[in-house]
Amino acid sequence: MTETTPIRVALVDDQSLFRAGIRMLISSQPDLEFVGEAGNGVDGVQMAAAVRPDVILMDIRMPVMDGIEATEQILRAADARGEQPPRIVVLTTFDLDESATRAIRGGASGFLLKDADPEFLLASIRTVHAGSSVIAAAATRELFEHFDRRVAAREATPESFGTLTSRERDIFLLAARGLSNSEIAAGEYLSEATVKTHISRILAKLALRDRVQLVVFAFQHRLTEGD
């Protein structure tokens, strides 16, 4: 039996007691490795470049630089180096939080409440590392509907959207509305495996990391209006 490589996890948060608790929790798991921490966004960007974690837990509200700007800088730096960027999960104290919406738009793969159960936090790290988003697309859609309707300007739809087949475009719109693979499969009379394949192709064609970023793309270009 071969051993799997532990998931490398880092934390950026300005509360030292919270960092200590998370460090102990992650270090207690055989499949996780705690590789770094920082107390503000600036130090977080430097730490991420130095230790190259797989997953970063990122507080939103911090001194010096907040988690939103840190998230954007970390992802830009990884792209500039030609590396696989870390998955970033932002930590917030409010369920419907405009800052969480901004962080997701900036590239985060979801958000967690800071008072989430330890088991849920650990499961979320594993889920996001496997390539899924921490929060469902439906929850992402709810966030954007709650905070983003004020945005009047519609960004021009990228040419890449035109490369989708008609079937892929239909599935894109269903996924952007928050439907799960099983719900899309039932409604379109497809197998879940077929839907999963379509979603993977859509993400690849649009250069998106996950379904959360698919919802962001749809809202940025107002592709869900009128549904």
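Tutor: The discussion below moves from the overall fold to a helix, an aromatic cluster, backbone angles and a pocket. This is a predicted model, in which local features need pLDDT of at least 70 and side-chain atom pairs count only at pLDDT 80 or more, while totals for chains, interfaces and linings use all residues. Residues are numbered from 1 along each chain as its sequence is written, and side-chain values use heavy atoms, with hydrogens and water left out.

Student: How many helices and strands does the protein have?

Tutor: Helices (H or I, at least four residues) and strands (E, at least two) are DSSP runs, numbered from the N terminus. Here there are 10 helices and five strands.

Student: What percentage of the residues count as buried?

Tutor: Buried means under 20% relative accessible area, exposed over 50%, and partly exposed in between, with a 1.4 Å probe and protein chains only. Of the 227 residues, 47% count as buried.

Student: Why is helix H10 described as largely enclosed by the rest of the structure?

Tutor: Nine of the 10 residues of H10 (residues 211-220) are buried, so the helix is largely enclosed. Among these buried residues are Arg211, Gln213 and Phe217. Just after H10, arginine 222 takes a positive phi of about 50°.

Student: How many aromatic pairs are found in the whole structure?

Tutor: Rings of Phe, Tyr and Trp (its six-membered ring) pair if their centres lie within 6.5 Å; planes under 30 degrees apart count as stacked, over 60 as edge-to-face and the rest as tilted. The search finds three aromatic pairs. In one of them, phenylalanine 161 and phenylalanine 172 have ring centres 5.1 Å apart and planes at 70°, so the pair is edge-to-face. Phenylalanine 161 lies in the loop between helix H6 (137-147) and helix H7 (166-176), and phenylalanine 172 lies in H7, 11 residues apart. Phenylalanine 161 is buried at a relative accessible area of 8%, and phenylalanine 172 is buried at 0%. The rings of phenylalanine 172 and phenylalanine 217 have centres 5.9 Å apart and planes at 85°, so this pair is also edge-to-face. That pair links H7 with H10, its residues being 45 apart. Phe161, Phe172 and Phe217 form one aromatic cluster.

Student: Is glutamate 159 buried or exposed?

Tutor: Glutamate 159, in the loop between H6 and H7, is exposed, with a relative accessible area of 75%. Its C-alpha is 9.2 Å from that of leucine 206, although the two are 47 residues apart in sequence.

Student: Where is arginine 52 placed?

Tutor: Arginine 52 is in the loop between helix H2 (41-51) and strand E3 (55-59). Its phi is near 50°, a positive value in a residue other than glycine, and at 40% relative accessibility arginine 52 counts as partly exposed. Tyrosine 189 likewise has a positive phi, near 55°, and is found in the loop between helix H8 (181-188) and helix H9 (192-206). At 76% relative accessibility, tyrosine 189 counts as exposed.

Student: Which helix gives the largest share of the lining of the second largest pocket?

Tutor: Rolling a probe the size of a water molecule over the atoms shows where empty space is left. Helix H3 (residues 67-81) gives the largest share, three residues.
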